[in-house]
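Dear colleague,

Please find the structure below, handed over for your own work. My findings follow it.

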Amino acid sequence: MGKVYIVGAGPGDVELLTLKAYKLIKSADAILYDRLINQEILSFAKPNCELV
């Protein structure tokens, strides 16, 4: 069974993302996001990560 984490990206500035959030995004198998996310943050995801 997997785990679900809710990660806030703050005001959207990639430099303000916490280290924990960065690590979770890099290791995620799937990321559910809305239109407010900075697209640069999604670039940290693994190549095979499902982006929804």
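The protein chain exposes about 4,400 Å², of which carbon and sulfur atoms supply 56% (Shrake-Rupley method, 1.4 Å probe; for residues, only the protein chains shown count as cover). This is a predicted model, in which local features need pLDDT of at least 70 and side-chain atom pairs count only at pLDDT 80 or more, while totals for chains, interfaces and linings use all residues. Residues are numbered from 1 along each chain as its sequence is written, and side-chain values use heavy atoms, with hydrogens and water left out.

The chain comprises two helices and two strands, arranged in sequence as α-β-α-β (DSSP runs numbered from the N terminus: helices H or I, at least four residues; strands E, at least two).

Of the 52 residues, 23% are buried (under 20% relative accessible area, 1.4 Å probe, protein chains only). The largest nonpolar core has 11 residues, including V14, A28, L42 and C49; such a core is a set of buried Ala, Val, Leu, Ile, Met, Phe, Trp, Tyr and Cys residues joined through side-chain atoms within 4.5 Å. To this core, α1 and α2 (39-42) each supply at least two residues.

A28 lies in the loop between α1 (19-27) and β1 (30-31) and counts as buried because its relative accessibility is 15%. Leaving aside residues up to four places away in sequence, A28 touches K46 and C49 (contact: heavy atoms within 4.5 Å). The C-alpha atoms of A28 and L42 are separated by 11 Å.

Yours sincerely

Terms used: Buried < 20%, exposed > 50% of the residue type's maximum accessible area, 1.4 Å probe, protein only.
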